[in-house]
Amino acid sequence: MNFNFRPLELPPLPQPKAQELINLGKGTGESGPIAPPQLPPGVPRYQTKPPRSMDEILADIENEKGEQVTILEWVYLFYAKGDWDEKQGRTRAKSTSAAIWKFALDDDKIKNRLFWRLAIYYSQGNQNQRRTKKRPVLKNMESLENLEVESVQEKAEQSKISDRPVLPLSLVHSFPDFASEFKKIELLPIDILLALVDNQGDQQIASWSFQNSIPPKKILEKAHLPKSLGSKHGIFIEIIKYFINTGPSRNLRQANLIINCLEDMATEPQLQGVQHLLTKVSTEIAGQFPMLVNWVQKHYGITSPDTRWSELSQPAKTALQDWIGALSYESFYKLVAILLRTLNLEEWERKQLTSRRDFWSNYSDRFERLRILLPQSSQKASEEAIGSEFEHQDISILQEDGSDPTEVCIFDFGDCCIVEFFRGPGSETRVFDSRVYPHIKTQLFDSPELSLKRLRCLGGEVHDHKYLWQGCSEKLLRTRDIYPNQGTQYFQGLYHPYNQYNRETGLPVPSLSEQEERQRKLEYWEREMEKIEMEARYFCENH
């Protein structure tokens, strides 16, 4: 289908002469090609009024006629009263400032503007005081009442400002005389301002924020004070201190508050905040809050899309890996507990599950990722596992393929992936070196349809969980540069002296008789595994 459009026809543009434009600018051009529009009856077309002096403006305020002062005149007053004060002397400066605060008691518009500037004055002043230990050199800003200094452009604008105080000092110094009067009207902004006066602003705002689980910006917004002050790194540091020191009563709302604070921050402050969070909050605390770990991993994890991993410091990178490892182990630990509680297991199976849980606890900081696969037959455990406890964990249901049911955990150790079969005749561990199996991570972590036989068909190096298996597994991991958690001297889950660990030599080598006993028990398992693998190959070749 074709469309035909007619050309757009507009009337010719007027072509005024230069003198006609000059007359229009002077207000004398009543005719000609460009004429001013008609105004309603009674509205004068041309009326000019000279700006009032500071004396005239302040006279209105002192004579209780402050409502006659226009917003533009108030902006001028905030800008120029400091100079006026210097010429008039201290007594006059103080009395006129007192008159302004009195007027503000009954005028929300001016009160909010004074509070806004006062908050910025003390915020900037306290920062400078800490930096210079001298009286602060303060900054004034145009259109300050509506300014949120966060973006690069805004920062560029801020760089252009003069050294004029954001609020005349006579108004700053007279505020405490009226604080109690204002407090009868509004408690929150006065408490914040008084905390800023005492250089305790960061601590107080963080305290209110943490106690109420409300982001600092929301608190400042509620108090009609600059929200941008809520993004200060000092406030975030104080919130993290409260989070760490709260102890066992810390909760999800507080963890969510930390996330909200980070999301409220601009790019660079957020990076600083994340690094502080990672290096101050222990893996034990982080492991209790999957939502917090997953948020950091999503934005700063090494394998996440659009990640900021490269911007993190090395200590922060190490801490993040420890966090992720702790969270993965926590999920593994919970899964074992659920299976022990919900499944009717033989005693030897229970011992085997417990020994695996204890063994992997020695590597809890080393996991980079975890995927849990559950059999359809263990429905009760599956439902519980997929519940709220594992809300943020990667959990899938195994496809049925005729194998004896078992749960499977897949650990990502970087260059190495380990697949743990929890139960059944095989109950093995399969180790995959990603340099030998270049697509193994995609196959193990991204495939939606995995079954036990298909997992076994992938191959890998197969290891047992028979007598004294821990020493062999530790050696296997060590030879692939996978070491226990930093500082490990004794292995969890082993009795003395088998639990003594040395980073160079690993766990103690069993005696000759113990090795012979282990070999005897292995022989039956090896025959069983040969049968299991044969069935798996047949399945994969025919399905």
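**A close look at H21 and its surroundings**

Author: Let's start with what packs where: the buried residues of H21 pack against helix H17 (347–361), strand E4 (416–421), strand E5 (429–433), strand E6 (461–463) and helix H22 (512–542). Packing here rests on contact, meaning heavy atoms within 4.5 Å. The helices (H or I, at least four residues) and strands (E, at least two) are DSSP runs, numbered from the N terminus.

Some ground rules before going on. This is a predicted model, where local features need pLDDT of at least 70 and side-chain atom pairs count only at pLDDT 80 or more, while totals for chains, interfaces and linings use all residues. Residues are numbered from 1 along each chain as its sequence is written, and side-chain values use heavy atoms, with hydrogens and water left out.

Back to the helix. H21 covers residues 469–478, and it is largely enclosed by the rest of the structure because seven of its 10 residues are buried. Buried means under 20% relative accessible area, exposed means over 50%, and partly exposed is in between, with a 1.4 Å probe and protein chains only. The buried set is Trp469, Gln470, Ser473, Glu474, Leu476, Leu477 and Arg478.

On a 1 Å grid over the protein atoms alone, a cavity is a set of points where a 1.4 Å probe fits but cannot get out, and a pocket is an open set with protein on both sides within 12 Å along at least five of seven lines; lining residues have an atom within 4 Å of a point. Grid points are joined across faces, edges and corners, and a volume is the space filled by probe spheres set on the points.

The second largest pocket holds about 540 Å³. It is lined by 18 residues, and those closest to its centre are Ser355, Tyr467, Leu468, Trp469 and Gln470. H17, H21 and H22 each supply at least two residues of this lining, with H17 giving the largest share, six residues. By class, the pocket lining has seven nonpolar, six polar and five charged residues.

What about the backbone past the helix? Asp481 lies in the loop between H21 and H22, and has a positive phi of about 60° although it is not a glycine. At 63% relative accessibility, Asp481 counts as exposed. Pro497 is in the loop between H21 and H22 too, and a cis peptide bond joins His496 to Pro497, with omega at about 10°. For context, most residues other than glycine have a negative phi, and most peptide bonds are trans.

Ser364 is buried, at 12% relative accessible area, and its side chain makes a polar contact of 2.9 Å with the side chain of Asn485. A polar contact is a pair of N or O atoms within 3.5 Å; within protein, one must be able to donate a hydrogen and the other to accept it, and residues adjacent in sequence count only if both atoms are side-chain atoms.

Key:
Ala, Val, Leu, Ile, Met, Phe, Trp, Tyr, Cys and Pro count as nonpolar, Asp, Glu, Lys and Arg as charged, and the others, Gly among them, as polar.
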